[in-house]
2 protein chains.
Amino acid sequence: MAAPEASTFLSMIAPMKRPTILDVARACGVAKSTVSVVLNQSPAADRVPEETRARVRQIADGLGYRASWRARVLAAKQTGMIGVLYTPPMPLIARGNYEGILSGINETLAARDFHLVLMPLGDNPDEWRQLLTDQRIDGAIVLSRLLPKLAEALISTGTPTALVNADTDLHLPKVLADEYDGCRQSMEHLFDLGHERIVFLLGQQPPHYSVQQRIAAYRDSMEAKGLKRHIKVLECDATQFASDFKQSSSRPTAVVCYTHYLAIKLLQAAWENGLRVPNDLSVTCFSNAYPVEDVVPPLTTVALATVQMGRSAAELVLEQIDTKGAALKRGVTLKTQLIVRKSTAAPAAM
Amino acid sequence: MAAPEASTFLSMIAPMKRPTILDVARACGVAKSTVSVVLNQSPAADRVPEETRARVRQIADGLGYRASWRARVLAAKQTGMIGVLYTPPMPLIARGNYEGILSGINETLAARDFHLVLMPLGDNPDEWRQLLTDQRIDGAIVLSRLLPKLAEALISTGTPTALVNADTDLHLPKVLADEYDGCRQSMEHLFDLGHERIVFLLGQQPPHYSVQQRIAAYRDSMEAKGLKRHIKVLECDATQFASDFKQSSSRPTAVVCYTHYLAIKLLQAAWENGLRVPNDLSVTCFSNAYPVEDVVPPLTTVALATVQMGRSAAELVLEQIDTKGAALKRGVTLKTQLIVRKSTAAPAAM
DNA sequence: CTGAAAGCGCTTACAG
DNA sequence: CTGAAAGCGCTTACAG
């Protein structure tokens, strides 16, 4: 036997069942439908006399009535939940840019009384369709990468969808950052400082929209500047880069890192190898998420409007829901902005 | 008019309604209940001949039947959703230690086919109770701080609950880290290196379980070592600390930072002020979350078993659900572990 | 302007 | 072993 405890105690003095809409209706002497209509402020409520409305509200309040969400969901054919679909593991999805994206989604959703449900995609693609067909979510937001099986399921179930940071030829609403221009801005900045030997540190990355865009801008910028001969996209890691750097005879003077994770690793590797940033090497990256500003030295970076990306994605799916899928499935591309900090400087005199 | 698009096209060739359980039952020539029982593998299914079970499964599959989650929720009186209740803004809750905690929660939940729903607590405490009374979630996990109004709502609604990193005298299951011992380990480490002038950098923090425990361990350790005269808990920020440090005549040789955020800021402030860590000052902190290991220099820190904390919390609420609240509302305290990196070293010779 | 009724699509005792 | 029925608690056309 457990010791007496608060919850037991309270359940003893307040053991009454939750009141249902029927209880409220009876107490008010009106029909269930009237209670429903009044409490939900449906359009039909306009035709209920203010006096009745007030009474219903008051009695419902007095009884501590709250509509059962479970029942409402069945009757109203909506759950008010938007699934955020992602490929596990989760940590990566809550970090860096995704932190802002999730915040933005959540903010917009909350304002409309929708909720965000995290839905990790299991290993078996055949189950993905079921996530959508069981009518649990009213809409879906897909982060980062749209796998073909998922795309098929999304489209064939007619789920209101928005893609974030995932490109596709499919006609689905999507939110992207103008990564090309962001990278172009970085290059411009480096050129202005006088850099010519600029390399792109990619690391090990699966192909992705962001990869393409950033690399394309890097290449195009170098070419336009007549530096085609110096174009170099490296797939090694930061540690490797730093140790190669020391031995190299033709050192780059600046490096554009594909992610801030890479840049931060590079800062550490540089420190370990006695290289000074930005004196020996300028470093730029993408994403202004924590801790880009807080490392040593603070990183020059391309900020994506992550919170706005999240908001836009949420708006795009809510729009689909509101219009029952009739809304234009438009795409949104948000501006990026270079933020100059202390990891970039003019190259040391040769 | 929008251009023809994939979803329109598909809805034209596959416009059939979702099959319901009744459709399946008819197609199989059995009762709805049989279908339900077989597909859910309820205990009652044992009494259905294997032959029938196979047929039901096959036909359901062929029809692409999937039970409506909306309907199931009403009938089964469970939603399979666990709310993670937190005080906005969200970013803080997805970062640092919470990243691991959320992962752990999600992992355990997913294994049991439960889902995590993020539930930001609005400004109006009176609405919190409604979050719980509308029967949307089967249980709640509260992060970091249990506000009194929420506690009251949780208890009076009998919601299966677990608290993470939030202390309270109330009889609710809770998961804590042994922060006292963690801090004690740090102190031991610093003493071993030869430090005596050790300060605790708290920064601006509202009172909290973690604050109490860490400071208590700091004080106790200093006293036990006969260093009571050097006890100092600072509430300034990292920048202030660094600039005060330079001017101080009796400089500390080591600082224990309340959070890794503070420690990282301090590393930067030290760099800006030309102080070397660990040469001029040893730094330790709490939390082994990103980017503690990746900064310069990598930080000595007390790692909390965050993923395990999340798992335990999820288990505690699932346990309450499984036993209909009869489970012991026990608390779990998880071990912490000091991880020594390069931000600590013996103090410079005086 | 209001109420009776159908319906949302399941699950679960219960009867046979 | 299987099915008919009640019930979960709402919302929403629809009739009056």
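This is a predicted model: local features need pLDDT of at least 70, side-chain atom pairs count only at pLDDT 80 or more; totals for chains, interfaces and linings use all residues.
**Stop 1: the axis and the interface**

Now colour the interface in both chains. You'll find that 100% of the interface residues of chain B are interface residues in chain A too, so the two copies meet through the same surface.

**Stop 2: strand S1 of chain A**

Next, pick residues 81-86 of chain A, which make up strand S1. All 6 of the 6 residues here are buried, so the strand is largely enclosed by the rest of the structure. Show the side chains and you can go through both faces: A:Met81, A:Gly83 and A:Leu85 sit on one side, A:Ile82, A:Val84 and A:Tyr86 on the other, and both sides are covered.

Now bring in the neighbours. Strand S2 (residues 115-120) of chain A pairs with S1(A) in the parallel sense over 6 bridges. To see where they line up, select A:Met81, which stands opposite A:His115, then A:Leu85, whose bridge partner in S2(A) is A:Met119. S2(A) is largely enclosed as well, because 5 of its 6 residues are buried.

Strand S3 (residues 139-143) of chain A also pairs with S1(A) in the parallel sense, over 4 bridges. Go back to A:Leu85 here: its bridge partner in S3(A) is A:Val142.

**Stop 3: the six-stranded sheet**

Move along chain A to an open sheet of 6 strands with mixed pairing, in the order S7-S6-S8-S9-S10-S12. Its edges are S7 (233-234) and S12 (336-339), each of which pairs on one side only. Zoom in on the S7 end, where S6 (residues 198-201) and S7(A) pair in the parallel sense over 2 bridges.

Helix H11 (residues 209-224) of chain A lies across S6, S7, S9 (282-286) and S10 (300-304), and runs at about 170 degrees to S6(A). Helix H13 (residues 260-272) of chain A packs on the sheet too, touching S6, S8 (254-257) and S9, and its direction makes about 155 degrees with that of S9(A).

**Stop 4: the nonpolar cores**

Which residues have the most contacts inside the largest nonpolar core? They are A:Val283 and B:Val283, in a core of 139 residues. Select A:Val283 and show what it touches beyond four places in sequence: the list includes A:Val255, A:Cys257, A:Leu266, A:Leu299 and A:Thr344. Apart from that core lies another of 44 residues, with A:Trp128, A:Ala151, B:Leu121 and B:Leu146 among its members.

**Stop 5: the cysteines**

Finish with A:Cys285. Its sulfur is 6.5 Å from the closest cysteine sulfur, that of A:Cys257, which is too far for a bond. With a cut-off of 2.5 Å between sulfur atoms, the count is 0 disulfides over all chains. A:Cys285 is buried, at a relative accessible area of 0%.

Technical notes: Residues are numbered from 1 along each chain as its sequence is written. Chains are lettered from A and ligands numbered from 1 in the order in which they are written. Side-chain values use heavy atoms; hydrogens and water are left out. A nonpolar core is a set of buried Ala, Val, Leu, Ile, Met, Phe, Trp, Tyr and Cys residues joined through side-chain atoms within 4.5 Å. Buried means under 20% relative accessible area, exposed over 50%, partly exposed in between (1.4 Å probe, protein chains only). Contact means heavy atoms within 4.5 Å. Two strands pair if DSSP finds at least two bridges between them. Axes are lines fitted to C-alpha atoms, for helices over the stretch in contact, and angles run from 0 to 180 degrees between N-to-C directions.
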